[in-house]
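Here is a short tour to read alongside your structure.

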Amino acid sequence: MTVTNFELRAQVEELHARYVHALDTDQLEAWPDFFTEQGRYRITTAENEARGLPLPVLYAEGRAMLRDRIASLRHANIYEPQHYRHMVSAVLVERESDRVIKSTANFLVIRIMDNGENLLFASGRYVDRITLADMKYEERVVICDSRRFDTLLAIPL
Amino acid sequence: MTVTNFELRAQVEELHARYVHALDTDQLEAWPDFFTEQGRYRITTAENEARGLPLPVLYAEGRAMLRDRIASLRHANIYEPQHYRHMVSAVLVERESDRVIKSTANFLVIRIMDNGENLLFASGRYVDRITLADMKYEERVVICDSRRFDTLLAIPL
Amino acid sequence: MTVTNFELRAQVEELHARYVHALDTDQLEAWPDFFTEQGRYRITTAENEARGLPLPVLYAEGRAMLRDRIASLRHANIYEPQHYRHMVSAVLVERESDRVIKSTANFLVIRIMDNGENLLFASGRYVDRITLADMKYEERVVICDSRRFDTLLAIPL
């Protein structure tokens, strides 16, 4: 492992950390800016991935779609106040090309309702392609362990 | 990001890790030494922080007060054997000044009772000011996601 | 902390991450290769460790035994489809000798059943001795917080 790899690793961990804190502190409008202009965001399940099923739970491409999602979320969320706590762990980093870094990491999301109840909301894997030049997600695939969750009104994972 | 930033990041992660292992292995008497002589420790909730309410769930300033807290905890805990498992994640590090590093990190605490039961006890954010010279907490603010927990007899978060 | 220590830390974190992803993506046959030829794997509980009880929950020594365990697991698991999600956190790294690194880390394992149910399956500490030359576990001791789990049919922790 060369110094360059440490730098990559530290930069990727920092990117994941900034992403997570933006969501957990309700700065949802900053979320699209973690992606490239044409960046893709996809939520799927381990089961679907294993079976090669093409249909994701959620798919958005480009910052405009990501912004739309946040806008509709802001509207809907009036009725169910909640927030998330993301944990990210076991980060793996490798260069895919001169331009792109590939990263895999485990995540776990706790949902906290306004009455104080918390529960393990989702767990799974982030599989990312990150642009080296500006450290943004060209693609973030969120592979959830379980299909048992409501994504319609959900804050991004 | 320069090499200096990697060093900072690694040093902060190591500090958080040592703190957590001291608590989880019941070395509570070592806890005050993670703070500066006048170091402040505060537990609050996300709700209180958002509303600007000044009243913390817990406040201690200076190692003497921190030591007192451990002493009373040792006495009380005779009656309810338990321990914690801390997970720390999504660490963000930045220099506040030549002297102080600011760090934000997510945490999650599992409580394990002596009968073997475990539960998600608390989650939230650490917001820290750390002295660069000796890597101690000048201030550790523990912002819990939920107000639903008993802090009176609790091991430090 | 010298640059060498950062390198060690990053290498150990990467090893832990690769180990965890192998288990979580059901590449169990790769598991023995994370250990040295005579590597030891031991699951125990915090209670047993504290009392100095020698009897581990599980003990395996050498890759052959580790491979046997996976083989029998493959057979048994036909009847109870499940998988795990490991989180690793608070990694501490120190040199034990010129040849061996000692590492301590907290872990948490979520078990996901095929019907979509998930639960906090286990938490605890990894205490490892890792060979510097090839970054393999010479010894991995998994100290679980609770004795309340079924290890007979369990995927390795």
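Across the interface of chain A and chain C of this predicted model, 8 residue pairs are in polar contact, with both residues at pLDDT 80 or more. Helix 1 (3–24), strand 3 (82–95), strand 4 (100–113) and strand 5 (118–131) of chain A each bring at least two residues to the side of chain A that touches chain C. Strand 3 of chain A contributes the most to that side, with 6 residues.

**Where chain A meets chain C**

- The contact draws on 23 residues from chain A and 25 residues from chain C.
- About 2000 Å² of area is buried between the two chains, and carbon and sulfur atoms give 59% of that area.
- The interface of chain A and chain C also holds 2 salt bridges.
- R9(A) pairs with E13(C) in a salt bridge, with the closest N and O atoms 3.8 Å apart.

**Salt bridges within the chains**

- Over all chains, the structure has 45 salt bridges.
- E29(A) and R74(A) join through their side chains in a salt bridge, at 2.8 Å from N to O.
- Because E29(A) sits in the loop between helix 1 and strand 1 of chain A and R74(A) sits in helix 3 of chain A, this pair ties together parts that are 45 residues apart in sequence.
- Both partners are partly exposed: E29(A) has 47% relative accessibility, and R74(A) has 31%.
- In chain C, the side chains of E139(C) and R40(C) form a salt bridge of 3.3 Å, N to O.
- That pair links distant parts of the chain, 99 residues apart, with E139(C) in strand 6 (residues 136–144) and R40(C) in strand 1 of chain C.
- R40(C) is partly exposed, at a relative accessible area of 25%.
- R42(C) and E49(C) make a salt bridge as well, at 3.2 Å from N to O.
- Shared partners join the salt bridges of R9(A), E13(A), R9(B), E13(B), R9(C) and E13(C) into one network.

**Helix 3 of chain A**

- Helix 3 (residues 63–76) of chain A has 14 residues and spans 20 Å from first to last C-alpha, close to the 20 Å expected at 1.5 Å a residue.
- Its buried residues are R63(A), L66(A), R69(A), I70(A), L73(A) and A76(A).

**E49(A) and its surroundings**

- E49(A) belongs to helix 2 (residues 46–51) of chain A and is partly exposed, with a relative accessible area of 32%.
- Setting aside neighbours within four places in sequence, E49(A) is in contact with R42(A), T44(A) and I143(A).
- E49(A) and V127(A) are 78 residues apart in sequence and 12 Å apart in space, C-alpha to C-alpha.

**Two backbone angles to look at**

- Most residues other than glycine have a negative phi.
- M135(A), which is not a glycine, has a positive phi of about 50°.
- M135(A) lies in the loop between strand 5 and strand 6 of chain A and is buried, with a relative accessible area of 13%.
- D26(C) is not a glycine either, and has a positive phi of about 65°.
- D26(C) is in the loop between helix 1 (3–24) and strand 1 (35–45) of chain C, and is partly exposed at 45% relative accessibility.

Note on methods
Residues are numbered from 1 along each chain as its sequence is written. Chains are lettered from A and ligands numbered from 1 in the order in which they are written. This is a predicted model: local features need pLDDT of at least 70, side-chain atom pairs count only at pLDDT 80 or more; totals for chains, interfaces and linings use all residues. Side-chain values use heavy atoms; hydrogens and water are left out. Helices (H or I, at least four residues) and strands (E, at least two) are DSSP runs, numbered from the N terminus. The expected span of a helix is 1.5 Å times one less than its number of residues. Buried means under 20% relative accessible area, exposed over 50%, partly exposed in between (1.4 Å probe, protein chains only). Contact means heavy atoms within 4.5 Å. Buried area is the accessible area (1.4 Å probe) that two parts lose on being put together, summed over both. A salt bridge is a side-chain nitrogen of Lys or Arg within 4 Å of a carboxyl oxygen of Asp or Glu. A polar contact is a pair of N or O atoms within 3.5 Å; within protein, one must be able to donate a hydrogen and the other to accept it, and residues adjacent in sequence count only if both atoms are side-chain atoms.
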